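Here is a friendly walk through the model shown below.

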Number of protein chains: 2
Amino acid sequence: MEPAPAPQAPARLNTTPSWLLGQAATHAHRLVAEALGTVGVRGYHYRLLAALAEIGPTSQADLGRSCGIDRSDVVAALNDLADRGLVERSPDPGDRRRNVITLTVAGRRDLRRMEDALDRAQDTLLAPLSRADRDQLIRLLSTLVAER
Amino acid sequence: MEPAPAPQAPARLNTTPSWLLGQAATHAHRLVAEALGTVGVRGYHYRLLAALAEIGPTSQADLGRSCGIDRSDVVAALNDLADRGLVERSPDPGDRRRNVITLTVAGRRDLRRMEDALDRAQDTLLAPLSRADRDQLIRLLSTLVAER
DNA sequence: CCTGATACGTTGGCGTGGCCAACGTTGGTA
DNA sequence: TACCAACGTTGGCCACGCCAACGTATCAGG
């Protein structure tokens, strides 16, 4: 009657970088989802709002490109955001194929709330690491991502 | 006519640890999926085979627990593996609620092929990092995961 | 012995994130 | 004018993770 026979994954995995990366990312994702959940929003929504705040009113296509979300997924997420009044869709007078997406005041307000919650999530995530270790981690991950 | 207006995500994200973690994990997952794909298998399948090779014949429940896969997902993945003859399901004579899962010879062979492919994927993933940096990364990620 | 809690395998479903194909519309260009 | 490209939109697929429910089987307590 072993108390806890197998705590986690096969030993092979626990030293495999891609596995550790996945586990850490899952953990981080959980914290982030929880944080965004307090504002009633998902990852796509936040990303779009953040991009919008950064680059100003844009077409859906540019918006999607600027944050790595597929055109079709942008549509759905923007529907949610527009329904909640965080964003406004208006036809581009200069190019009738496009919609111009604008961040509303409410959108800017909620974005702030999201970022506050996210900052707290980052702190929770990085809590077990020293300041120097955090910088190291960011450096290493950036290197990996750059090589993508 | 800017050549490439926005290369990637909102600036806010590119320094956010959880975002970098996710990006790196996605990249790693892509490499891993590609590697496992050469053996015609997905993540769940590999994990189960690896766990099975490590702890020997076990019930589905224990198997799932040992590699963090939900019971219901274990069923489906084992169906695939059994259909391909990589694994054998037999009723446990000592406890008729259980199935004993056994790794077949073919299963052990394919597992080897998966691990070879995975080793290559890890090398590709870590290519941009020095030996010391790789160790650092593993250490930092392990710390994060341990705090989960 | 019986009863109730618990574990098992299984089915079916939901949500997130990522991707692709196709369509009709509009723009730009040869 | 014809053609191709980009746009927004619909609809679909996959991987992974998680949960609820069911019928069966086991086991511990009364």
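The surface near DNA strand C has 14 charged, 7 polar and 3 nonpolar residues. Here Asp, Glu, Lys and Arg count as charged, Ala, Val, Leu, Ile, Met, Phe, Trp, Tyr, Cys and Pro as nonpolar, and the others, Gly among them, as polar. A residue is near the strand if one of its heavy atoms lies within 4 Å of it.

This is a predicted model, in which local features need pLDDT of at least 70 and side-chain atom pairs count only at pLDDT 80 or more, while totals for chains, interfaces and linings use all residues. Residues are numbered from 1 along each chain as its sequence is written, chains are lettered from A and ligands numbered from 1 in the order in which they are written, and side-chain values use heavy atoms, with hydrogens and water left out.

In all, 24 residues surround DNA strand C, with A:Arg42 and B:Ala61 among the closest.

| Side chain | Atom of DNA strand C | Distance |
|---|---|---|
| B:Arg65 | phosphate oxygen | 2.4 Å |
| B:Arg71 | base oxygen | 2.9 Å |
| B:Ser72 | base oxygen | 3.2 Å |

One joins A:Arg139 and B:Asp133 at 3.0 Å, N to O.

Conventions. A polar contact is a pair of N or O atoms within 3.5 Å; within protein, one must be able to donate a hydrogen and the other to accept it, and residues adjacent in sequence count only if both atoms are side-chain atoms. A salt bridge is a side-chain nitrogen of Lys or Arg within 4 Å of a carboxyl oxygen of Asp or Glu.
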